[in-house]
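Hi,

Here is the structure I promised to send over.

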Amino acid sequence: MKSQFSHLVLASVTCFASFGIFSAAPFSAGQVSAAQVSTAQAIDKLGEIHSSRVSIHTSCGKDCLWSYREGSDATEFRIAPPVFFIDGQRVVASGVDFKSAGAPVKLANGVMQYGVESAVASDPSLHLRIDFQVNDETPVVRFRYTLESDRGRNLMNANGANQVEYLKTSFASLPQVHEVRVSNFADLTHSYMLDEQTIDERYFKDSQTLMGPIVAASDSRRSFLLAYEHGSQVPDAFLRFQLGPDRGVRLEAVKGNYVAGQALDPQHGFTTLWFESAAVEGDIDDLASVYRRFVLRSMAVNATTRYPYIFYNTWNFQERNKWFNGRPYLDSMNEQRILSEIDVAHRMGIDVFVLDTGWYEKTGDWTVSSARFPDGLKAVKAKLDQYNMKLGLWFGPTSAAVSSRVVQQHPEWRMSWHGKIGEPHEIWETEKSYDMCVVSGYADAFADELIRLAKEVGVRYFKWDAISQYGCDDPHHDHGSVNNSESERADSYGFQLVRSMSHIADKVAAAVPGTIVDFDVTEGGRSFGLAFLASGKYFLINNGPYYQNYDVPIDLEHTNWNLFFYQGQARTWIARSPLTFDKWIPSTLFLTHYFPDDPKQWQEVNVASLILGQGGIWGDLPKVSDPGVELIGSMLARYKQVRGDMAESDPVVTGVISGSPEIHEKISATSRRGAVVLFATTAGSYHYVTAHAVATEFWASEGVRVTRDSSGRAVIDANFEKPGAKVLFFGVTK
């Protein structure tokens, strides 16, 4: 039976060249060893799944669908069955006797995926399948449900709202509870920010709800986590955790998870989002460390998305050229300028060179502009190949030019709102475009264009921009019909958007291994959350706040909106602020660009910020002095020796952003390699002792003295004659 969004990219995706922890051989998704088949047979007989880190039992008693244990620990976490509202009846999807749904599959990242299935106890014509993803490297388990029916039924709403309870468990023995919200858009930084809040007893007593998407609980000795993979800005929840006075925690649908009357029959199943559970010995900080490693190593099949490349993007100079020189945004988008930038980018150590908007003739067709690049980017690609750099291009996935083939052939894929197709609008000085619905047949057509460009032009990095959470309530796409209200169709679009985006990214990665999709979330109202991180990464900040964010009056029609648009240290304060994500989600998944401009004082601050994981540079490269290019190149060459270790490392932060000192330690607890970065806005001497023991070999900025204590930790004394940054790399050659 075919299930909505039941696809999963299982094709082999080649993991990238070895360095640090990023060493892995490619796997064939279909290969299953004899030992793995035996494990599948064990599911048949015992209803159990085991790895070296977790045990899952699907026979766990009344009101329990499955249970989870971490390692050899006796603590059992019980998960209640999902509840659906079908044909006006509440159906508890408890199983009778779970059997293997087929041989387990080894994914390209080494994760094993198991499927079990059973008839529903209250109605044998309904069937529930559970997919589990487990891994010997992590206690984090991903799971999802698929409900199928032997005869025609319908998922229904009650009181105009979705009625699905995905799971329920109890925190009765875990008194400390934290909600981790990842999609709070803060005007102070004009960026999404991680927000971790303590949830005390009053929230349970008053039956409050939490958006999450992560909820963690602990008794300081043992900690447990639940999470769901979706994306939307706080407080616009599509799912939520409902708390109860008995300290029960229930994850339930809010809106958009399905449309009223959605078919449930032999041809149409209902497949949920991916959910996550995990347990560890230790407190919530220990749990965060384990979860962070899961996101880095086990969450995404496409391991290339986790590689800490150094990126360059042309957009900042395009903006500078517009506002400083009075030139069009696309004036610098030409072969001569791009080739000159590539030469400098190579000397700096850039890995991925990205052409932002303007490389194309028109949106929708996505052919290279013959006026700006007469040879179709061949010279650009040849120079990048010469320097072993990768080509990246900008895309507006929801835009297609009026005269594009896709609009001419499939006008029905255009977005509509309240029954009207929107007027076409200019896209960055190119032909006017319509807004296209990615929750329609257009999604696969767009994926095919990206695959074509990857194969014909050699693109390996795709920057996706301007994708808003909402925008289409058309009754003829894949998010509702004429039988559903406009608001219901709009919510269904908002819910399915990130699933469709992930489908596109996964399809491209399967067709062309080694590709990366970066989703631009530099504005609010975008589908930001855990879901897209299973397929790609985020482009987090452009330049931070606009003047209007800070109530500074400007001429919006004729003035550059960017407040932090100039070299110095202030912009880096804004750009470093979201590094709080790094506790739970690696900072390498939040691309942010820093300026390379002279003088040396600010180049050191910007590069010191970049190496903490955000990994981007943009600006006017040909104007950077030769000593400046050499400085940046030498610092990044040292960083590349330890970037895998730094990506693996949990952050240790002392001080506050823009304070003196502000210190970031990224030292691997296993290899002792990594870096310590100190910032100061006030001249003086500052002292720091690393939390981890460090490797013997090191390099340090001028004005820094390093000794070691008896535990092998670095004792650092740094003298700042003026505001700036000091960097220490441990485990590097001189």
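Let me start with a charge over a ring: Arg414 sits above the face of Tyr434, 4.7 Å from the ring centre. Bear in mind that this is a predicted model. A second case of this kind involves Lys255, which lies over the face of Phe238 at 5.0 Å from the centre of the ring.

Phe238 turns up again in the lining of the second largest cavity. That cavity has a volume of about 70 Å³, and the search gave eight cavities of 30 Å³ or more. By residue class, the lining splits into six nonpolar and six polar, with no charged residues.

On to the aromatics: the whole structure has 53 aromatic pairs. One of them joins Trp315 and Trp428 edge-to-face, with 4.9 Å between the centres and 65° between the planes. Trp315 belongs to helix H4 (residues 315-325), while Trp428 is in the loop between strand S31 (425-427) and strand S32 (430-435), so this pair ties together parts of the chain that are 113 residues apart in sequence.

Are the two partners buried or exposed? Trp315 has a relative accessible area of 6%, which is under the 20% cut-off, so it counts as buried. Trp428 comes out at 32%, and is therefore partly exposed.

Cheers

Notes. Residues numbered from 1 in each chain as written. Predicted model: local features only at pLDDT ≥ 70, side-chain atom pairs only at ≥ 80, totals over all residues. Heavy atoms only, no water. 1 Å grid on protein atoms, 1.4 Å probe; cavity = no way out; pocket = protein on both sides within 12 Å on 5 of 7 lines; lining within 4 Å. Points joined across faces, edges and corners; volume = space filled by probe spheres on them. Nonpolar A, V, L, I, M, F, W, Y, C, P; charged D, E, K, R; others polar. Phe/Tyr/Trp six-rings, centres within 6.5 Å; stacked < 30°, edge-to-face > 60°. Helix = DSSP H or I, 4+ residues; strand = E, 2+ residues; numbered from the N terminus. Buried < 20%, exposed > 50% of the residue type's maximum accessible area, 1.4 Å probe, protein only. Lys NZ or Arg CZ within 6 Å of the ring centre and 35° of its normal.
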